[in-house]
Amino acid sequence: MSDSLLWYTTRGAGAVTLILLSAVVVLGILSTLRVQSQSWPRFLTTGLHRNLALMTLVFLALHIFTAVVDPFTNLGWGAALIPFTSYYRTFWLGLGVISFELLLAIVATSLIRGFLGHRAWRAIHWLTYAAWPVGVLHGAGTGTDTWSAWMLAITAGCVAAVGVAIVLRLTGGSTDPLATPRTTFRAAVDRREPQ
Amino acid sequence: MTRLLGTADDRLPLARVDGRLIETIHQAGLVGRGGAGFSTAIKWRAVAERSRRNAVIVVNGAEGEPRSQKDRLLMATRPHLILDGAFIAARVLKARRIVLYIGEAHESARQAMLRALGQRDEPERGLVSFAAAPARYVAGAEMAAIHFLNEGIATPTTTAPYPFERGVDGAPTLVQNVETLARVALIARGTPADTALLTLAGAVRQPGVVEVPFGTTLGEAVRLGGGATEAPRGVLVGGYFGSWMEPGEAWPAALGQLRLGCGVIGVLPASRCPVCETAGIMRYLASESSAQCGPCFFGLRALADASSHIAERGSSADDLRRLQRWATDVRGRGACKHPDGAVMFLASALTVFANEFAQHEAHDAREVRRSA
């Protein structure tokens, strides 16, 4: 019973991770688009983005921990941390490891953003666009429940939500309300020789 | 007491210095006189550790603080002493380059520095170049100076990287205020640097720069400027990024116990309205935002709006609540320290002038503008 409990937990936590991570990605994109309304101030987007991201890691840790300690899978910690070293579904599991490690780097650099500087932080944060699809592929490729109707619905929903957000991001253009005042101020303290 | 002002700017042979000078500076307790008041020894140590004979020394004479006069006066009267400090820094920190970053409006200061440099010998003279700092508030900020020298635009950038990690041309960089460097030169000569340069402003009989030992009280320092012209209502210590104090609290305080910032001491007379004065300064600080981040551009504008509302239309509980809340919200969230300085100033005004802010009656809008 406890063995199957571990196995169900692995699968459940994996599905929850997918939902949470997709929500985090969507919220991240919405915050760059400066989406807001009367009942949804912008700090809510960034606050949710951050808190759900931390929660994602908790479920991801649960997903990995239960998979490794499950005596039936017999994966070992090496396979959980080093990509493509698992005897079991080497490729698909390796994708999961890569996605996990990218997310870890993204969260860790966000926590120390003040020390790191904005540019480096942002460069690493862009890796989300790699971590998320790799994670989705990992789930689709190796998920026990991939082809069950409910999991198909979850995956399709997540892909659609992130897809729509990305399209909005690509077509939205700059909505930076500071663009004009910033240009004005910079011009006042700009002493470069005219080209 | 070794004075900076009123002493001939003799060119003495440079003291022989090495890394041990940093320890001497540390023991002298020297802190930066540009505003932030950061420990000079810590700053030097950070650059010294990273310099591979490639460090850059930026001599900061931008002095963009509206009421401050002391840096341009020191540059005009003691250019050799400042150059000594810069050359000493270059030796101790193994620098290959010195940039004199002088406010574009400070013409006589620049002339004096140029003249003094012309009297120097090679190879030291060859290390030095000049840059004219744009006459804006943020241009004197360390990161703005580095951004300007690298890319020609004097807006502050985010830290990290810190100047000692990657500054001018990517090299470890020391940005140091001119008065601080002059103090270093005195310390290297074995003379104590136990005075401070202050700029007295506002309701003082003879506004301008005074030099006083650290043991002096603020009241005695203001008396050196002829004293206050009338009963004061508040004293602004440290310029626009400083703090308001009650006169009764300020006068007996010794300078060594205060955060002097850039050294501006503003005396607000009882005949002037502290709310209108504060609103005017907040408007100025908001207008000096380089609009790089929302907390600064929108936050300071909102704070300036709320203080002007109180100034122009009279006190309202709503505006006061907003001021208090936003002042806390903005803090620590800017891309640079500009919003932090502004809200610290505002917080001191809300404390010292709490009664005036709570009971203010509508004033003529013209007065709000005039005080700015």
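Among contacts in chain A between residues at least 6 apart in sequence, what percentage join residues at least 24 apart? The share is 64%, with a contact meaning that C-beta atoms, placed from the backbone, lie within 7 Å.

This is a predicted model, where local features need pLDDT of at least 70, side-chain atom pairs count only at pLDDT 80 or more, and totals for chains, interfaces and linings use all residues. Residues are numbered from 1 along each chain as its sequence is written, while chains are lettered from A and ligands numbered from 1 in the order in which they are written.

Chain A has nine helices and zero strands; helices are DSSP runs of H or I with at least four residues, strands runs of E with at least two, numbered from the N terminus. Its C-alpha atoms fill a box of roughly 70 × 35 × 25 Å along the principal axes.

Take helix H4 (residues 90-111) and helix H7 (residues 128-142) of chain A. Their axes come within 8 Å and cross at roughly 150°. H4(A) is therefore roughly antiparallel to H7(A), a term for angles over 145 degrees. Among the contact residues are A:Trp92 and A:Leu103 of H4(A), and A:Val134 and A:His138 of H7(A). The contact holds eleven nonpolar, seven polar and no charged residues. Here Ala, Val, Leu, Ile, Met, Phe, Trp, Tyr, Cys and Pro count as nonpolar, Asp, Glu, Lys and Arg as charged, and the others, Gly among them, as polar.

Note on methods. Axes are lines fitted to C-alpha atoms, for helices over the stretch in contact, and angles run from 0 to 180 degrees between N-to-C directions. Angles under 35 degrees count as roughly parallel, over 145 as roughly antiparallel, 65 to 115 as roughly perpendicular and the rest as oblique. Two residues are in contact if their C-beta atoms, placed from the backbone, lie within 7 Å.
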